[in-house]
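Reader: I am new to this structure. Please show it to me, and then let me ask about it.

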Amino acid sequence: HMCAKLLEAIHLRLELTYALSEGGDRSEELATYEAAIAPVQAALAAEKGPPGLANFQQNVVRAILLQRQALSQAVKLRAGGAGMERVWQLSEVRESSKRLLAAWGAISARYQGRWSEAVKDSIYHHLCALDFV
């Protein structure tokens, strides 16, 4: 179930990121993103996962919060004429990546040796796709 929510978060982040890459005022797209991502983040936070995955869950939820903060700043930066390279330098972008790496560490430690390569690759790539970089 968390992977389904991760896919929603990935899709929503990508839509706004693509809009940002076009430049200009993207306030409307940000509002659409915020309206859609808030319930996804809330659902992820409320998810009752298996024992031992609290760090995974907390890091994913925190990464999404950091992405929301970064994207809010990015909309302002892009509207002011800043390039995407400035967006990628935001501390929230870097911290979000760190949180997603920590989430990967938590889940891979929990299931090490107990999942197939296909499942392992799928979860890893879900987290990579959610990442900005």
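Reader: Which helix holds R13?
Author: This is a predicted model, where local features need pLDDT of at least 70, side-chain atom pairs count only at pLDDT 80 or more, and totals for chains, interfaces and linings use all residues. Residues are numbered from 1 along each chain as its sequence is written, and side-chain values use heavy atoms, with hydrogens and water left out. Helices are DSSP runs of H or I, at least four residues, numbered from the N terminus. R13 is found in α1.

Reader: Which side chain of opposite charge is nearest to R13, and how far away?
Author: R13 is buried, meaning under 20% relative accessible area with a 1.4 Å probe, protein chains only. Arg counts as positive and Asp as negative. R13 has no salt bridge, which would take a side-chain nitrogen of Lys or Arg within 4 Å of a carboxyl oxygen of Asp or Glu. The nearest such side chain is D131, at 6.9 Å.

Reader: Which backbone oxygen lies 2.6 Å from a polar atom of the R13 side chain?
Author: Contact means heavy atoms within 4.5 Å. Leaving aside neighbours within four places in sequence, R13 is in contact with residues including Y33, Q67 and A129. The backbone oxygen in question belongs to A129.

Reader: Is P39 buried or partly exposed?
Author: P39 is found in helix α2. P39 has 46% relative accessibility, so the residue counts as partly exposed.

Definitions and conventions: Helix = DSSP H or I, 4+ residues; strand = E, 2+ residues; numbered from the N terminus. Buried < 20%, exposed > 50% of the residue type's maximum accessible area, 1.4 Å probe, protein only. Polar contact = N/O pair within 3.5 Å; in protein donor to acceptor, adjacent residues only side chain to side chain.
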